Amino acid sequence: MTAAMGVFLLLMAALLQSVVPTAAWLALSKPPFLMAVVLYYALTHRRGAFLTVAVLAGVIQDSLSLMTVGFSSLCFVAFGLAVLEGRGVLFRDSLLTVAALGAVMAALTVCGLYALLRTSTEMVGVPFWWLGLKVGGNALLGALTAPAVWLLAGSLERHTGVSHLEEPVAWS
Amino acid sequence: MRHRKYLIWITLGTFLLVVINLPGSFSVFLRGVCREAVATYQGALQRTLSGIHRTSSAVGNFADVIKERDRLKQELAESRSQIRFTSSLVRENAELRKLLDFRESSGFRTVPCEVVARDDGCGWWQTIRLNRGRSSGIAENMAVITPAGLVGKTIEVSGETCDVLLLSDRSFKVSVRFEQEGSFGILRGGGISLQGEHEFDVLCAAGAPQVDYLRNDLQIRQGETVVTSGLGGVFPGGLVVGRVRRVYADETGLYRHVEVDSACDLARLDKVLVVWGGRR
């Protein structure tokens, strides 16, 4: 059941991420739904489930774009693990924390992907201002997307009775 | 008092006798004056009465009126919907005819495709996804065109879909020739521009593609047509890329750069042709 839920969340996230329109003034940043699912798993699930979801989310995200398959997985695993290791000291009860983590993780993911793209020479260099906009745009969208996914995924798991490390917090 | 009463009756009788015995012409004149004087008020009164009648009828048939109004509203909505549908069919029909004419007249062997998605999932590249892939004979690095001109090239192909890197993407490069001047150059995509009108659409804000490092002595004029040169093996020669928008000098003064207006409206791509195998 846990695996089915993970697959369902990833598919929904991928679908949303691919169809939601974007804007030039956000440097074409897409709402990072897949990253938000990874963050949700990093904060609430066991390490094994998180790693599986992070790798799968990365593969799906790269398959949707022209990115070398594995780049996003690498970023998701790296930044997700940092969250997972530090979740004991985080105020997970607060939506604000989730929003902040979403923003930071989205921004770091963009930086990580840019670094990987530059090293793999698959991309002509983009202007610095454009990269800045993209980091900012992703951070903004990450801050909006992460709490929404957190609430929806938590609610879905509670209703379907999926058990994991800790129950998602009931928001008041 | 009684005499006065008789006097009134006698006067009245006399007056009536006089009136009755008026000469014919005067009688006609008097009748005309009276009729016309009354007619004005008759008309007004008649209109008022008709209005009252209509209003009372309408109030009496109010339920029917509401029913009728609802029916007409529904009919209007259906008619509008049909008109919209017909208009879209007409537009699609015209587009398909244009595409078919171009297919036959261009001499290229092409595969007609529909755009099923825009931009990649991360927003790093400017791409579109088409509904045809390897099963239709499409492979990587094939030119994608419309009757207006060059759109881009195929980059990733699966069984039933393919991704197209658009002319506007920064990593897109194509060897071009200035049609009148005859010189060659490498055109690269302009990426995303933050100037101009922006909508929630990736492709609306595409920057102008550029040809860089052109010699200063070349006589390239504004409005000149830019076509593919055929060099490089990916794009067949002679495909229209766009027109020269602006020619300006490099900061060092050693070279010139040319901005090109894309011939295709990349923001509104719907149906495209993938060129395979060169000319027939």
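**Figure 1. Strand 6 pairs with strand 7 in chain B.** In this predicted model, strand 6 of chain B covers residues 173-178 and strand 7 of chain B covers residues 184-188. The two strands run antiparallel. They are joined by 5 bridges. One residue pair to look for is Arg177(B) and Phe184(B). Phe184(B) lies in strand 7 of chain B and is the bridge partner of Arg177(B).

**Figure 2**

Figure 3. Chain B holds 12 strands and 3 helices. The chain has 280 residues, and 27% of them count as buried. Now take the contacts in chain B between residues at least 6 apart in sequence. Of these, 56% join residues at least 24 apart.

Figure 4. How many helices does chain A have? Chain A has 6 helices and 0 strands. Along the sequence, the pattern of chain A reads α-α-α-α-α-α. Chain A has 172 residues, of which 44% count as buried.

**Figure 5. Helix 1 packs against helix 3 in chain A.** Two packed helices are described by the angle between their axes and the distance between the axes. Helix 1 of chain A spans residues 2-19, and helix 3 of chain A spans residues 47-64. Their axes lie 10 Å apart, at an angle of about 30°. Angles under 35 degrees count as roughly parallel, so helix 1 of chain A is roughly parallel to helix 3 of chain A. The crossing of these two helices of chain A is right-handed.

**Figure 6. Residues at the contact of helix 1 and helix 3 in chain A.** Which residues of helix 1 of chain A make the contact? They are Thr2(A), Gly6(A), Leu10(A), Ala14(A) and Ser18(A). From helix 3 of chain A come Ala49(A), Thr52(A), Val53(A), Leu56(A), Ala57(A), Ile60(A) and Leu64(A). Sort the residues of this contact by type: 8 are nonpolar, 4 are polar and none is charged.

How values were computed: Residues numbered from 1 in each chain as written. Chains lettered and ligands numbered in written order. Predicted model: local features only at pLDDT ≥ 70, side-chain atom pairs only at ≥ 80, totals over all residues. Helix = DSSP H or I, 4+ residues; strand = E, 2+ residues; numbered from the N terminus. Buried ≥ 20, exposed ≤ 12 C-beta atoms within 10 Å, placed from the backbone. Contact = placed C-beta atoms within 7 Å. Pairing = 2+ DSSP bridges. Axes fitted to C-alpha atoms, helices over the stretch in contact; angles between N-to-C directions. Parallel < 35°, antiparallel > 145°, perpendicular 65-115°, else oblique. Left-handed = near helix turned anticlockwise from the far one by under 90°. Nonpolar A, V, L, I, M, F, W, Y, C, P; charged D, E, K, R; others polar.
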